[in-house]
Amino acid sequence: MTTTAGATLAALAARLEAVADGRVPAPTIIEFPTDAEPELRALLATVSRLETNVAAVREFSAALAEGRLDFAPPPRLHLLGPLKALQASLRHLTWQTQEVAGGHLEHRVDFLGEFSDAFNRMIEALRNKRHAEAEALHASRDAGVGHLASGLAHEINTPIQYMADNLRFLEDVLAAPGDDAGGDLHLPADRAADVRAAVAETLEGALAIGTTVQAMREFSLAGELGTGRCDLNRAINNTLIVSRHAWQEAATVDLRLDAQLPLVAGATAEVCQVVLQLLLNAAQALEDAGLHGRGRITVTTRVADDAVLLEIVDNGPGIPVERREQVFDLFWTSRPDKGRRGLGLPTCRDIVTNRLGGRLEVGGAPGSGAVLTVRLRPASC
Amino acid sequence: MKPENLEACTFTWADLGDIDTGRPNLGQEVPVIVYRLGQYALREAIALRYGNEVAAGILRDAGWIAGREYCRNALDVSLPPAAFVDGLQKSLAELRVGVLRLEHVDAPSLTMTMTVSEDLDCSGLPVTGTTVCDYDEGFIAGILHAYLGVDFHVQEIDCWATGDRTCRFSVQPEPSRT
């Protein structure tokens, strides 16, 4: 070995030592001795490339450590592959986190080890929190509206009752024996007939108001009166009366209620809530299908096996088989453009499953109307 | 020159056939090596006759058709964007195509950066220094076209074959495709 070669090798060893110690010098052009052998030249070139590449690894690592995810490492450098994969994962997680911050909780992270599990658990927790908040908001709003409706119903009911009593009294007076057809009031026959008809009509109207007010009162007080036993048919009738405005333009409702139905287990408020949501859901489906005025909703109650069944069937397009579970996903809606929030059916299933101990299922032949079946437990005697 | 009898070559989803009936014992899946054998042999055959650039373009076009049909037939295009992306990621993972991840999305300009790890086309290939995922570029563009109705230019900027462990694609709208 020549003296020059020996000196060059010693210099190379020192540089490699520095790289091994993590002291990467700035890449420099190594001067080749004029008389260097080809093998030595090749070694010099390789060491120089190693220094450059290690410097790139160090710079890229430092950028990632500092959170500079937009750092652009040198292209086509295989040594950087794992760091680029890490950079890709971190960029993806940044995007995922931005999505979550924007309220999109649909995403999952996969194949990133423990981080995937932690992130997915966080998403699930956020979903549950959002569900709980939505429920609490609804419950609080429902409670407020319920108390208001109950108070109004009471205020209206009292005058309605004495109006009805007075109208019945007038009917009796007009019908009582007297000098002519006007009874005790002594009206001419033609005038007496008109007055009797007017009184009868007014009484009919007052009784209709009384029925609606009573239904509203029972509906709004259902939560407070909940005894764990519910008259399903009565809950359906009351719900239909108070929600008439929400479905009457979309559909007619056909009731097929089993008069011998036993009481079901569960609070009346929750049963009413389920009936209301299912009715509204059917009415919206019929509206969406353009069946204004031609829609038909059939509500059936019956006993089957050891359960009490409530079926709500519409004559809309139905729910495709592949979406029959998806409709119960929280916040999923087929019509986000109509401002729907995807809370109705998930809430129904939650109430039916977790509070009433029953089941809620979607059925119906493909292409025909939707069939929503609620299976409830009879109340124990 | 226009190809003859074009209608007979038009691909539809039904052309994939009834695999369960046709392969009752061997089933739906084949090793990745078989897929790559077909793709890279086809690439070479086209390149030998027409050159590398034409071969890449044809693979890109084929990917575009495949992406469009896959989106129309295997994905739910009625979903809003976030849910659609989630479904796409799940579907690609289930089909063992790759692990799709979005890095950046600029909704107003419809530009995005996405990566595909464990890519069916290229992960594990020898490092040649050039990107090879032409089919993937077309596939991604075809999916996005079927979902958004917009033509996209998809370009692979990092690839396993260039020494990067993750394939990275830059996506941006392009003037309408003819």
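## The crossing of H3(B) and H4(B)

In this predicted model, helices H3(B) and H4(B) cross in a right-handed manner, a crossing being right-handed if the near helix is turned clockwise from the far one by less than a right angle, and left-handed if anticlockwise. H3 covers residues 32-50 of chain B and H4 covers residues 52-74 of chain B, and their axes, which are lines fitted to C-alpha atoms over the stretch in contact, come within 7 Å and cross at roughly 135°. The two helices are therefore oblique to each other, since angles (0 to 180 degrees between N-to-C directions) count as roughly parallel under 35 degrees, roughly antiparallel over 145, roughly perpendicular from 65 to 115 and oblique for the rest.

Contact means heavy atoms within 4.5 Å, and the residues that make it include Ile46(B) and Tyr50(B) of H3(B) and Val54(B) and Leu59(B) of H4(B).

## Chain B as a whole

Chain B has six helices and four strands, where helices (H or I, at least four residues) and strands (E, at least two) are DSSP runs numbered from the N terminus. Of its 178 residues, 43% count as buried, that is, under 20% relative accessible area with a 1.4 Å probe and protein chains only, against over 50% for exposed and in between for partly exposed.

## Cysteines

Zero disulfides are found over all chains, a disulfide being a pair of cysteine sulfur atoms within 2.5 Å. For Cys230(A), the nearest cysteine sulfur belongs to Cys272(A) and is 6.1 Å away.

## Basis of the values

Residues are numbered from 1 along each chain as its sequence is written, and chains are lettered from A in the order in which they are written. Local features need pLDDT of at least 70 and side-chain atom pairs pLDDT 80 or more, while totals for chains, interfaces and linings use all residues, and side-chain values use heavy atoms, leaving out hydrogens and water.
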